[in-house]
Amino acid sequence: MITFTDNFSLFKSKDRDYFVKWTQILINALPKKDLTPILQLYDRKWTEILTLKEKKQNAVEQQKELDELSKQLQSATFGLEHIFREMGQIYEAHASLENPPRTPVRNWSQYPELAAELLISGHPMELMDGDAGHVPLTWISSLLEEVIKKLGDRRIFVLSVLGVQSSGKSTMLNAMFGLEFAVSSGRCTKGAFMQLLKVSEEKRHFKFDYVLVVDTEGLHALELDGSATLKHDNELATFVVGLGDMTLINIFGENPADMQDVLQIVVQAFMRMKEVKLSPSCVFVHQNVTDISAVEKNQDGKRRLLEKLDWMVQLAAKEEVCSAERFSDIIAFNVQEDVKYFAQLWEGSPPMAPPNPGYSESIQELKNFILSKASQSDGTKLSDFRRKVQDLWQALLNENFVFSFKNTLEIAVYRKLEVKYGDQTWTLRSNMLTIENQYYNKIKNGTLKSFEVNDLYEETKETFDEIQTDLTSYFEDNTDKEILAQWRGRFKSKIKDFYDDQLKVVKNRLDKVIQQKEACKKLDDKKADFEDKLMQKSKELAQQFKGKTDDEKELQGQFHSEWRHWVKELTRGTEPIDEINLENDKTAILMDLGFEWNFIEESNHRGNFKKMPAIGNYDQYASIKKQDRNVLQRGADHVRNLFTGSLSHQDQELIRSFINEVEQKSLITLKSKPVAITGYNPTYLQELAKNAKDALIEFESKQKYALKKEFIVDLLHYVFARAEPWLLNEHKTFKANNDAQAYIDSKKGHYYNIFKMCCKDSSSAIVFAAEICDKLKTSMSEAVCNNTARALASEIRCSSPAFNGNREDLENHVLKSLAENENFDSFITYIKQPRKHVENFIKEQVKKYIFQENKDKARQILSRNADDLKDSINQALYGATEKVKTESGHINMLLEQFSNLLKDKLVFTMSSQNFSDINDFDFLKEEITKGIESITQELHSLPLDKIMNSTKKPDEILIDQLCSCCWVTCPFCSAVCTNTLEDHSPDDHSVTFHRSTAVNGWYYRGTDMMDIEFCTSNVASHGSFHPDPNSDRSVPFKSYRTAGPKYANWRITPDGSKLPYWKWFVCRFQTDLETYYKKTFHKAGEIPSKWSKHSQADALKSLQ
């Protein structure tokens, strides 16, 4: 390589051409010496195999040797392209270094410049590595960058060719343009090569300066195995057709069947590559057609070709939810003009046959045709072509699904099979979950202590047998059973493996339940013994530590040593409850539903699902369904969609309502699951996904548009995101209640205090008083927080202007806050999800009150509640003590009386085991009183944020009070009904001030003009509106109540009142509204100049 590049860089342009030519001649001669013995050996081995086959003998070993020789033949091929490929690899390797050497040994950075000079001089350069099937983007980008530096950012017309192996592609290009692409029988061209041709002076009227010809290797190569050639051919074809301004589809003979399957995959791949801007076109070239009248005789063939191409596009469009109906919608093609027929190259059989003059004539005619079509093209800038290569190849790398199939029909059949598989796995999951819940109840009730996998198998065998029978019928009775046959074995194995895995998963999960139950029972059974032994240990250690009780570290060391021993003994044979991994489960569920991993990751990366209900325009998710419409209606609809997009305002709101409905139903379904009792199960999310998908199918069936896969994936991500906090919190509760290790660890501090007091030789009364106070501490903290939360909610409700008035006052304060903050996203949340925004407003106001504006007052309320509770406890303690003393009772009686007197104040239960010897109740009362005083002082300093962990938080109390009202929005402007009753029927919905309908995204039908009028003005006008997006029926605004149920119950007073607030909003956020709704304020929707005179101060004043 050093020798070649050094010599190559020394020569000037003309000498360099000679150098390259002679290097190519000498390199081509080199492999002949190596190829001859391999070919001879290959021939002998092949003859040997044929002989063995004739004798019906085993030839496995000989076949392996023949395959190895075949690989050697492939490897022995060596050409000039390998040297340039090595240059590219060296360049890419150096370019990838993070810290390249300051003084490199070789100037590798000059390689792209050398290659660019060759490309400019007309030498073909490798675009795609034929052996690895890879496009070296860094190398190609740098090469094209150097071409741009030398020629300028010229325009090029990209002409590519595609065809099966040995169909004469390279020969045709060489004859047409005088090129030097390699030609011979077999797989000669490998990968893809590009050659740059300068447009002659006589063609100066062309809009481009160069033609870039891309030649490719033949498809359906025999030397590649079936699966490899399928994926390789589909990727190559998509890449080449995508790059070309025009692609010549070269066909050997009159039958295009060889290319139809590949073209189907190309078309479907283009539909999926939404991020790459492509505008391909194609011309079908039939070579080796002997009949000169083929053009006339093949009119019917052309018709069938077009029908086949259109059918496959419609099938692919259905799969990818795309509005394309014809092949020409994806790839520009005119069946009358873009199909050419060639005579064969030779007159007779080579090598003695002379060339056919008709072939040359056909070549010239095709060349003229290509140049004629090219003259109408603007071409592509070299810089744009460079970016196109990068974008297209990256898109190809990200697309792992369609290239593995033969054609679009295969993809459609496979996806239906995946849906069938998903339904069957759900049936199994559901059945397994039912059995698991039954077993769980038996374990918890103590009627089941052990079981085997076979027990689960017997319980679920009937369901599994039904599924297997159903799957067999699906493969045998389906109309596409011939296509399905290739996947029959794999899917039968998949369903069996899935079933076996589910049995093991459920068995392991229930085994853990048994272990945890046994561990907790063992802990409860041994608790008395544990405390007795701990007490005894403490007394023994107390004798050793007399006089050393101040040595806290030594005490801790001794205790921890004993503690580890007991923990190990009590938790032996149990496993901790694992944390749940929702991310993995969500991805697995989506993949089970048939979505590819890249598609799921793309949805995650975009993050659109996070604000799904608040999206302004859902056009990106929708595709108009194909309808049996006449040409005139189709043309009218097409023009309308050019201006307005696919969805009307009503359609947009229907989708938004559907999203909210799915979210609400999903959360209701999820919250009915006993996660806190039985733990998390991935089947819960699976059920949410299935319900959402079924709801979508039902929703789509009623609409004239289809929702793309992006919609359902984003919808499921949104539902999962809403479900995640609740699931994590419930699972945390389950773990706290059922994990033996966690349960024991929670007792550690308590037992250490007892241990420490015993070491100090404290009396039983002191130790028991400390234990009672330890129990009271948690209950007191909870009670004080709950009481403080209620008191603060009441205080905020009375003192905050936003909350102490009526519903309209609250609405005005929300609007005032929005105007002051001037955040468009917050406005949109309020407009589209008013209740959600108001709830967030209440939460913010509560936090502001407690933690900023009235921190001292909140602290006073907390302290007062702590003191009140202390008094109640002391009073109960006094009463219980006096009754025990009067009736000469025992310690158990004191605890019962104490607990009974406190039952309305807090939760308290206590056992007197190991303390039955206590009889000095006054001393015990004094010790408890001291402890309660200490706890009360701690509660005075309790962080205020602990209040937000109360059973009912202050903001939740206020939300329940203030948001239990009507939330129905005006169908025109989205203003919220201000009635304080949630169900105020038969009274109509009403609002004091309506808004400009532009706030809610209304626009003039058939245009992209926003409607700025207020509802109150519209209902007083002589205008009309379309309540149904799928109908041309219009309703006069004055008769709006007759437009349908959502209009009938609204009372809109016809007057000219227009709140300045909303005029200011439309002017302040004009650009944001246009971007959000993808409409504009112009012509009839132009904003009046007077509106812009309203300031923020005017807007706020109008709310008073």
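This report covers cavities, a pocket, aromatic contacts and backbone details of one predicted model.

The model is predicted, with local features needing pLDDT of at least 70, side-chain atom pairs counting only at pLDDT 80 or more, and totals for chains, interfaces and linings using all residues. Residues are numbered from 1 along each chain as its sequence is written, and side-chain values use heavy atoms, without hydrogens or water.

## Cavities and a pocket

Rolling a probe the size of a water molecule over the atoms shows where empty space is left. Here a 1 Å grid over the protein atoms alone is used; a cavity is a set of points where a 1.4 Å probe fits but cannot get out, while a pocket is an open set with protein on both sides within 12 Å along at least five of seven lines. Lining residues have an atom within 4 Å of a point. Grid points are joined across faces, edges and corners, and a volume is the space filled by probe spheres set on the points.

Five cavities of 30 Å³ or more are counted. The largest cavity has a volume of about 160 Å³. It is lined by 15 residues, of which E811, N812, L815, V991 and F993 are the closest to its centre. Helix 29 (residues 807-821) gives the most to this lining, with four residues. Helices are DSSP runs (H or I, at least four residues), numbered from the N terminus.

The second largest pocket has a volume of about 2200 Å³. Of its 46 lining residues, E663, Q664, R835, K836 and E839 are the closest to the centre. Helix 22 (649-671) gives the most, with 12 residues. At least two residues each come from helix 22, helix 25 (709-738), helix 30, helix 31 (834-853), helix 35 and helix 37 (1045-1048).

## Aromatic contacts

The whole structure holds 41 aromatic pairs. Rings of Phe, Tyr and Trp (its six-membered ring) pair if their centres lie within 6.5 Å; planes under 30 degrees apart count as stacked, over 60 as edge-to-face and the rest as tilted.

F824 and Y1076 have ring centres 6.0 Å apart and planes at 80 degrees, so this pair is edge-to-face. F824 lies in helix 30 (residues 824-832) and Y1076 in helix 39 (residues 1070-1077), so the pair ties together parts that are 252 residues apart in sequence. Both F824 and Y1076 are buried. Buried means under 20% relative accessible area, exposed over 50% and partly exposed in between (1.4 Å probe, protein chains only). One aromatic cluster takes in F824, F827, Y1061, W1062, W1064, F1065, F1069, Y1076 and Y1077.

F898 and F908 also pair edge-to-face, at 5.3 Å centre to centre and 75 degrees between the planes. F898 sits in helix 33 (residues 891-901) and F908 in the loop between helix 33 and helix 34 (921-940), so the pair ties together parts that are 10 residues apart in sequence. F898 is buried at 1% relative accessible area. F908 is buried at 5%.

Two lysines lie over ring faces: K494 over Y421, at 4.5 Å from the ring centre, and K507 over F451, at 5.1 Å. The rule asks for NZ of Lys or CZ of Arg within 6 Å of the ring centre and within 35 degrees of the ring normal.

## Backbone details and a buried threonine

The peptide bond from S985 to P986 is cis, with omega near 10 degrees. P986 is in the loop between helix 35 (954-962) and helix 36 (1015-1018). S974 lies in the loop between helix 35 and helix 36. Its phi is near 75 degrees, a positive value in a residue other than glycine. S974 is buried, with a relative accessible area of 6%.

E822 has a positive phi too, near 50 degrees. E822 is in the loop between helix 29 and helix 30. At 30% relative accessibility, E822 is partly exposed.

T425 belongs to helix 14 (residues 408-444). T425 is buried, at 2% relative accessible area. Leaving out residues up to four places away in sequence, T425 touches I495 and F498, where contact means heavy atoms within 4.5 Å.
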